[in-house]
Protein chains: 2
Amino acid sequence: MIKAVFFDLDDTLVETTKLADMARRNAVENMIRHGLPVDFETAYKELMELIKEYGSNFGKHFDYLLRRLDVPYDPKIVTAGVIAYHNTKFAYLKSVKGARKVLLDLKKEGYKLAIITDGDPLKQWEKILRLELDEFFDDVFISDYLGVRKPHPKIFEKALRRMGARPEESVMVGDRLYSDIYGAKRVGMHTIWFRYGKYANRELEYIDYADFQVRVLEDVVEIVRGLNREEAEERPDTEVHAD
Amino acid sequence: MIKAVFFDLDDTLVETTKLADMARRNAVENMIRHGLPVDFETAYKELMELIKEYGSNFGKHFDYLLRRLDVPYDPKIVTAGVIAYHNTKFAYLKSVKGARKVLLDLKKEGYKLAIITDGDPLKQWEKILRLELDEFFDDVFISDYLGVRKPHPKIFEKALRRMGARPEESVMVGDRLYSDIYGAKRVGMHTIWFRYGKYANRELEYIDYADFQVRVLEDVVEIVRGLNREEAEERPDTEVHAD
């Protein structure tokens with residue numbers, strides 16, 4: 001019997017890739033508006049390269065962008081980037097289509113729900129609280145806070161223990177085959193790969209670890225129900241034999 | 001003849017003290033809503049003490065607040081504080097009453113305008129750009145970026161040099177008698193003390209350095225005009241004698 005359903009956060013419950021791209025474009029545009037002497041395409045391409053090299057949580061993207069473009073440091077231009085970036089994230093933050101309905105349906109049917117996510121705890125909590133998703137969840141597990149990253153088994157095992165669910169009583173839903181699906185399967189959980197965002201066609205070498213694939217988040221509910229029905233059908237049989 | 005008028009930023013052009021207090025109150029309220037097990041008055045008082053000890057630009061107010069209250073670290077509660085704080089600052093940031101009118105009037109009458117402010121360059125630029133005040137100013141001088149703080153003469157001298165104005169051709173407007181008024185007077189500028197916000201009755205030992213006092217920012221325009229008239233009246237006399 002399925003007791004608990006676990007969700008990844010970025011690009012599973014919350015729009016991340018789309019929003020980050022909008023935010024970066026608006027940042028570059030506002031930097032140019034406030035004096036960055038470079039055309040949009042050049043600056044945007046340089047910013048994307050920089051993010052690839054330094055990671056998306058690097059704190060000095062816009063400072064480094066000026067250095068890479070050989071533009072003298074100017075706090076006005078850097079601030080113009082930071083403001084536009086935050087304004088965009090602030091104004092457009094939203095949940096993935098169907099996310100609230102899925103959470104509500106699962107909650108109504110009595111499943112325990114939790115989030116298992118990588119990333120900076122404050123940034124991850126910010127998304128959860130701004131969208132007021134926290135009411136749905138019994139707990140939130142953030143890898144960086146535990147000192148490991150998905151697919152490390154420690155975070156999945158800890159989440160299962162705290163939810164009081166055995167792996168076979170649990171389902172993991174996520175957009176990354178390696179972090180989410182391979183990670184959860186390795187500890188024995190059921191897995192649903194959400195083919196969404198930039199990973200929809202990536203890390204396919206781990207595809208065998210996905211029990212199910214969905215392209216629409218709402219389909220998760222039917223799969224979880226199905227897993228429970230299968231077990232319900234198996235159990236009475238066993239009981240009949242035991243008679 | 002007056003050529004340039006310089007303004008302090010915080011609590012002279014931009015509401016700072018009021019906004020910071022609103023933001024802190026909302027932060028504490030949201031932390032309690034998300035699980036901080038302490039009553040509002042206790043938490044708020046502790047936060048104010050902490051800010052007094054560590055300064056308002058310290059980056060870990062809410063982390064330290066938990067420590068001081070003997071509450072175990074919880075990224076959810078810290079984030080609840082950070083979000084409410086930023087939401088408030090974002091939603092309520094505004095210029096001081098009359099600021100835009102004063103700037104517009106002085107600009108129309110041909111004065112050069114600049115800001116001379118202490119503080120973190122990114123935070124100061126953020127206020128200027130969010131309020132779109134930058135169009136009014138020929139330049140912005142931020143002390144932390146120059147490695148000094150007001151009332152250090154270096155920042156006033158640099159601002160005068162860059163504006164091409166002699167001290168006696170310049171006026172400084174600010175809410176702090178020590179940083180703004182004493183600082184500007186020491187290099188020979190005219191000074192207008194804006195009695196506003198938490199410094200309206202403080203640092204009175206420097207009151208002799210204020211040429212003028214105003215409680216309403218709009219009065220600055222008339223004072224600047226008056227300074228120019230005085231000189232205009234003096235000059236023809238001199239010319240008469242020279243005949």
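How many residues of chain A are in contact with chain B? Good morning, everyone. The model I am presenting today is a predicted one, and I shall begin with that question. In this model, 16 residues of chain A are in contact with 15 residues of chain B.

Let us look at where the residues on chain A come from. Helix 4, residues 75–92, and helix 6, residues 121–130, each supply at least two residues of the side of chain A that touches chain B. The largest share comes from helix 4 of chain A, which gives 8 residues. By class, this side of chain A consists of 11 nonpolar, 2 polar and 3 charged residues.

I turn now to the relation between the copies. In general, two copies of a chain are related by a rotation about an axis and a shift along it.

Next, the domains of chain A. The assignment gives domain 1, made of 4–15 and 95–242, and domain 2, which covers 17–92. Taken over C-alpha atoms, the centres of these two domains of chain A are separated by 33 Å. Their contact takes 5 residues from domain 1 of chain A and 4 residues from domain 2 of chain A. On the domain 1 side of this contact in chain A, there are no nonpolar residues, 1 polar residue and 4 charged residues.

Finally, let us consider a sheet in chain B. This is an open sheet of 6 strands in the order 3-2-1-4-5-6, with parallel pairing. Strand 3 (139–142) and strand 6 (212–214) of chain B stand at the edges; each has a single partner strand, so one side of each is left without a neighbour in the sheet. From one strand to the next, the twist averages 20°.

Within this topic, strand 1 (residues 4–7) and strand 4 (residues 170–174) of chain B pair in the parallel sense over 4 bridges. Ala4(B), for instance, has Ser170(B) in strand 4 of chain B as its bridge partner. Helix 8 of chain B, residues 153–163, lies across strand 1, strand 2 (112–117), strand 3 and strand 4 of chain B, and runs at about 160° to strand 2 of chain B. Thank you for your attention.

Note on methods. Residues numbered from 1 in each chain as written. Chains lettered and ligands numbered in written order. Predicted model: local features only at pLDDT ≥ 70, side-chain atom pairs only at ≥ 80, totals over all residues. Contact = placed C-beta atoms within 7 Å. Nonpolar A, V, L, I, M, F, W, Y, C, P; charged D, E, K, R; others polar. Pairing = 2+ DSSP bridges. Axes fitted to C-alpha atoms, helices over the stretch in contact; angles between N-to-C directions. Domains from an automatic or database assignment.
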